[in-house]
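The sequence and the structure are shown first.

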Amino acid sequence: MEKLSQKEFGPNSYRVWICPFRLLSFANMFTGIVETQGIIKKAIENGRNRTFWIKSPISSKLKPDQSVAHDGACLTVEEVKGNQHRVTAIAETLSKTTLGDWQKGTTINLERCLKINDRLDGHFVQGHVDTSAICFDKKEKNGSWEFSFQFLPEFAELIIEKGSISINGISLTLFNVTESTFDVAIIPYTFEHTNMNLMKPGQKVNIEFDMLGKYINRKLSLSK
């Protein structure tokens, strides 16, 4: 198969291959298994956009045009310098995520996109944040942790008991689901290796609902 020039499709488009039978398209996907953490070194206002320089253990391994989930938001790497990389969030992203609150020193979760032959250890995550939620309770449970979050009731039909959700890019399982709240449990490893250990009541997080639920909801709305 021949890979087409990326310039023909833009920085956030699908990766496209030509084969003898048809055009194959693969969107950037993630699993919600956080690879490492990064620290915001610079946050620069750029018109309606915001540009960030991020220092992390994987920054030096990245390349321009690569897609990386930053606290669950898929952003395109624009530049790499040493152990830092640069990304920009547009107004649409800032309006639906916590990226507008990022400042110098903010710690974020990072995950590079899924390879086609990789194991899927979490669930399919697109890196398209739907909305934000607010942490309103945090409890230690003999070494593990439970967090409670509140979200807008208009999204209630997109979550189910024991369903999957992405919180700041972390694949988690829901329980105690109501029309506007839910709980998640965090094992010690996840707590130590993500920014959940910094989470405090009142703090906002990025939420991406399960893709399957969104497609079903769309189908049902068009059938009415």
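In this predicted model, the side chains of Lys96 and Glu92 meet in a salt bridge, with 3.0 Å from N to O. Both residues belong to helix α1 (residues 91–96), where they are 4 residues apart and therefore separated by about one helical turn. Lys96 is partly exposed at 38% relative accessibility, and Glu92 is likewise classed as partly exposed, at 45%.

A search of the whole structure gives 9 salt bridges. One of them joins Lys204 to Asp101, with the closest N and O atoms 3.5 Å apart. This pair links distant parts of the chain: Lys204 lies in strand β16, Asp101 lies in the loop between α1 and β10 (107–112), and 103 residues separate them. Lys204 is partly exposed, with a relative accessible area of 35%, and Asp101 is partly exposed as well, with 46%.

The salt bridge between Arg50 and Glu45 has its closest N and O atoms 2.9 Å apart. Its two ends are placed in contrasting surroundings. Arg50 is buried, because its relative accessible area of 4% falls under the 20% limit. Glu45 is exposed, because its relative accessible area of 55% is over the 50% limit. Salt bridges also link Glu78, Glu79, Lys81 and Arg86 into a network.

| Salt bridge | N to O distance |
|---|---|
| Arg50 and Glu45 | 2.9 Å |
| Lys96 and Glu92 | 3.0 Å |
| Lys204 and Asp101 | 3.5 Å |

An open sheet of 7 strands runs in the order β7-β6-β10-β4-β5-β9-β8, and its pairing is antiparallel. The edges are formed by β7 (73–76) and β8 (79–81); each has a single partner strand, so one side of each is left without a neighbour in the sheet. On average, neighbouring strands of this sheet are turned by 40° against each other, direction ignored. Strands of a sheet pair through backbone hydrogen bonds, in either a parallel or an antiparallel manner.

Within this sheet, strand β4 (residues 36–46) and strand β5 (residues 49–55) pair in the antiparallel sense over 7 bridges. Asn46 stands opposite Asn49 in β5.

Strand β6 (residues 67–70) contains His70. Is His70 buried or exposed? His70 is buried, with a relative accessible area of 0%. Leaving aside residues up to four places away in sequence, His70 touches Ile54, Leu75, His85, Val87, Trp102, Ile108, Asn109 and Leu110.

Further antiparallel pairings involve β13. Strand β13 is joined to strand β14 (residues 170–175) by 4 bridges, and the two run antiparallel. Across this pairing, Ser164 stands opposite Thr173 in β14. The hairpin of β13 and β14 has 2 residues between the strands, and in this hairpin Asn168 takes a positive phi near 50°. Strand β13 also pairs with β16 in the antiparallel sense, over 3 bridges. Here Ile167 stands opposite Ile207 in β16.

Phe151 is buried, with a relative accessible area of 4%. Phe209 is also buried, with a relative accessible area of 1%.

Which residues do ring pairs link into a cluster? The cluster consists of Phe147, Phe149, Phe151, Phe155, Phe182 and Phe209.

A charged side chain and a ring meet elsewhere: Lys138 lies over the face of Trp145, at 5.2 Å from the ring centre.

Methods:
Residues numbered from 1 in each chain as written. Predicted model: local features only at pLDDT ≥ 70, side-chain atom pairs only at ≥ 80, totals over all residues. Heavy atoms only, no water. Buried < 20%, exposed > 50% of the residue type's maximum accessible area, 1.4 Å probe, protein only. Phe/Tyr/Trp six-rings, centres within 6.5 Å; stacked < 30°, edge-to-face > 60°. Lys NZ or Arg CZ within 6 Å of the ring centre and 35° of its normal. Salt bridge = Lys/Arg side-chain N within 4 Å of Asp/Glu carboxyl O. Pairing = 2+ DSSP bridges. Axes fitted to C-alpha atoms, helices over the stretch in contact; angles between N-to-C directions. Contact = heavy atoms within 4.5 Å.
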